[in-house]
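The following report describes one protein chain for a reader who is new to structural analysis. Please keep the sequence and the model in view while reading.

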Amino acid sequence: MRLSLCTISFRHHLVSLEDLAVWAAGNGFQGIELWGAHARNMAAVSDRGGDWLAQFGLSVPMVSDYLPLDGDPDALVRKTLDLCRLAQRWGAPKIRTFAGGTGSAETSPERRIFIAERLRTLCGLAADHGLSLLVETHPGTLADNLTATRALIAAVGHPALKVNFDVLHVWEGGDDPVAARRALRPHIGHYHLKNIRDRDDLSVFEPANVYAAAGRRDGMVPLFDGVVDYRRFLAELADDPAAEGSLEWFGDDCYAVLRRDRDDVEAALAPMAGVLPRRVAGTRHGAA
């Protein structure tokens, strides 16, 4: 698996992308998933882009944003085109958004049609730029469980539509991540990997908490310390060596946890690939 870190992990840090690139390259990552806000804020920096990042041996697999499906259609098109151009600048083949702002059980048939039509339009724009549009499996959207996600894919009916398979949120929606991955595999474009201490802690991932600098982080745990069985899930990826994923860490001690999780993912995948895990020189769980 090609593994990236997410710049959103450092949303409250005073750290440059160059510093992150140096650290990511030195700690075994293959890429950096750019948060849309970060990509836009760097738009005026003319010497930063995919070619620059490639000098570190890194790529951008995806630019992750929040496209306003409910907004004015012209504004939605403008924002999507801007996101496509940013993705091209960074050499990213994928852009990510969410399938509306209400859960599948609370959404009327008319609303489902509206969201599907909007997403189909955006898929056309993405395809025109050689990109895929990924919708994330996430609570409070039309991709909040396996049945709803499959229905959304069918309703949109566009080959540029892919799924950002967030393993934890698939589990949160009541589905077995392994079974869901098998059902959705032809449509999966990327994986988000994170974990939680207990189902009772899931509220820590609510946007109002995640994006608050003083938000609660208790309950967010390293990948192999939580309730989702990532050893079992990663065993499923043995048949897909081209899979791409990102460690989506929202808690404290970013450098230490990301380094530990990357090492542990590599160790879990190594027996399946028939290779010994590679360790980066230096302290395994230390900071940058």
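## Cysteines and overall fold

The structure holds zero disulfides (pairs of cysteine sulfur atoms within 2.5 Å). A disulfide is a covalent bond between the sulfur atoms of two cysteines.

The model is predicted: local features need pLDDT of at least 70 and side-chain atom pairs count only at pLDDT 80 or more, while totals for chains, interfaces and linings use all residues. Residues are numbered from 1 along each chain as its sequence is written, and side-chain values use heavy atoms, with hydrogens and water left out.

The protein chain contains eleven helices and ten strands, where helices (H or I, at least four residues) and strands (E, at least two) are DSSP runs numbered from the N terminus. Of its 288 residues, 52% count as buried. Along the principal axes, the C-alpha trace spans about 55 × 45 × 40 Å. Contact means heavy atoms within 4.5 Å; among contacts between residues at least 6 apart in sequence, 80% join residues at least 24 apart.

Ser 4 lies in strand 1 (residues 2-6) and is buried, at 4% relative accessibility. Not counting residues up to four places away in sequence, Ser 4 touches several residues, including Phe 29, Gly 31, Pro 61 and Leu 247. The side chain of Ser 4 reaches the backbone oxygen of Gly 31 at 3.5 Å.

A nonpolar core is a set of buried Ala, Val, Leu, Ile, Met, Phe, Trp, Tyr and Cys residues joined through side-chain atoms within 4.5 Å. Which members of the largest nonpolar core touch the most other members? Of its 85 residues, these are Ile 32, Leu 119, Phe 165 and Leu 258. Leaving aside neighbours within four places in sequence, Leu 258 is in contact with Leu 5, Phe 10, Trp 23, Phe 29, Leu 247 and Trp 249.

## An exposed loop residue

Asp 253 is placed in the loop between strand 10 (244-247) and helix 11 (254-273). Although Asp 253 is not a glycine, it has a positive phi of about 55°. Asp 253 is exposed, with a relative accessible area of 59%.

Terms used
Buried < 20%, exposed > 50% of the residue type's maximum accessible area, 1.4 Å probe, protein only. Polar contact = N/O pair within 3.5 Å; in protein donor to acceptor, adjacent residues only side chain to side chain.
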